[in-house]
Amino acid sequence: MRTVIAGGHGRIALRLERLLAARGGEVAGIVRDPGQSGDLRSAGAEPVVLDLESASVEEVAAVLRGASAAVFAAGAGPGSGASRKDTVDRDAAVLFADAAQRAGVRRYVVVSSMGADPEHPGDDVFDVYLRAKGAADADVRGRDGLDWTILRPGMLTDDAGTGLVSLGVSTGRGPVSRDDVAAVLAELLETPSTAGLTLELIGGSVPVSVAVKDVAGN
């Protein structure tokens, strides 16, 4: 199984790359900065240097061809301004989905955010971020050519993962470690019956594999 991850140097993405590589999977991570390539190789992933803010659909599709799954985990980051929330968190997500369809990659997993909503009110940068993520999610949900799953974690922490989560259509707000987000993503990729679901995720009391099986059965 070959998985291509947009935003391959992100803190969740690097964790996911390590997990997938440890399971024997082939992983490629898209990064803008070639200086990040060594970190990806250390995580077991093939670095692909490509700027999703300027790349064409065909350039991205060329990276995706032959993949079993695509994961959008890119983000403008907390230090970026409002305009890059639109160009990365919204537009790059749409571009990546376009490219996945062109490349014939049906399995598409999105790392979104709890509270993402294209109609979210407010003018602060975080409000713009939630609108951008919500617009990207809405675009993906409207595509019949993708077997998509959207994961919306709560407040992210760098605490060590517990392997215990709460996962569902609505969980309520709460923190979740990036370790556990990555573990859930890895499990979602191996559970195609979660396609068509938008899921919230926080720390909880259910083992990751059980939590994913539970939502897949609903």
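At what angle do helix H3 and H4 pack, and how far apart are their axes? In this predicted model, local features need pLDDT of at least 70 and side-chain atom pairs count only at pLDDT 80 or more, whereas totals for chains, interfaces and linings use all residues. Residues are numbered from 1 along each chain as its sequence is written, and side-chain values use heavy atoms, with hydrogens and water left out.

**View 1. Packing of helix H3 (residues 57-64) with H4.** The two helices pack at an angle of about 60°, and their axes are 8 Å apart. Axes are lines fitted to C-alpha atoms, for helices over the stretch in contact, and angles run from 0 to 180 degrees between N-to-C directions. H3 and H4 are therefore oblique to each other; angles under 35 degrees count as roughly parallel, over 145 as roughly antiparallel, 65 to 115 as roughly perpendicular and the rest as oblique. Their crossing is right-handed, a term for a near helix turned clockwise from the far one by less than a right angle, with anticlockwise giving left-handed. On the H3 side, Val-57, Glu-58, Val-60, Ala-61 and Leu-64 meet H4 residues that include Leu-95, Phe-96 and Ala-99. The contact residues divide into nine nonpolar, no polar and three charged. Here Ala, Val, Leu, Ile, Met, Phe, Trp, Tyr, Cys and Pro count as nonpolar, Asp, Glu, Lys and Arg as charged, and the others, Gly among them, as polar. Helices (H or I, at least four residues) and strands (E, at least two) are DSSP runs, numbered from the N terminus.

**View 2. Packing of H1 with helix H6 (residues 178-189).** An angle of about 50° relates H1 and H6, whose axes are 8 Å apart. H1 and H6 are therefore oblique to each other, and their crossing is right-handed. The residues of this contact divide into ten nonpolar, no polar and four charged. In H1, Arg-11, Ile-12, Arg-15, Leu-16, Leu-19 and Leu-20 take part, meeting H6 residues among them Arg-178, Val-181, Leu-185 and Leu-189.

**View 3. Ala-21 and Ala-22 in helix H1.** Ala-21 has 26% relative accessibility and counts as partly exposed, whereas Ala-22, at 70%, counts as exposed. Buried means under 20% relative accessible area, exposed over 50%, and partly exposed in between (1.4 Å probe, protein chains only). Leaving aside neighbours within four places in sequence, Ala-21 is in contact (heavy atoms within 4.5 Å) with Val-27, Ala-43 and Gly-44. Between Ala-21 and Gly-44, 23 residues apart in sequence, the C-alpha to C-alpha distance is 5.5 Å. For Ala-22 and Ala-43, 21 residues apart in sequence, that distance is 9.2 Å.

**View 4. Gly-8 in the loop between strand E1 (2-6) and H1.** Gly-8 counts as buried, at 0% relative accessibility. Beyond its neighbours within four places in sequence, Gly-8 is in contact with Ala-13, Leu-14, Glu-17, Gly-29, Ile-30, Val-31 and Leu-40. The C-alpha atoms of Gly-8 and Val-49 are separated by 9.8 Å, the two residues being 41 residues apart along the chain.

**View 5. Helix H5 (residues 125-141) and its covering elements.** The 17 residues of H5 reach 24 Å from first C-alpha to last, close to the 24 Å expected at 1.5 Å a residue; the expected span is 1.5 Å times one less than the number of residues. Its buried residues include Val-128, Tyr-129, Leu-130, Lys-133 and Val-140. The cover over the buried residues of H5 includes strand E4 (69-72), helix H4 (82-103), strand E5 (107-111) and strand E6 (147-153).
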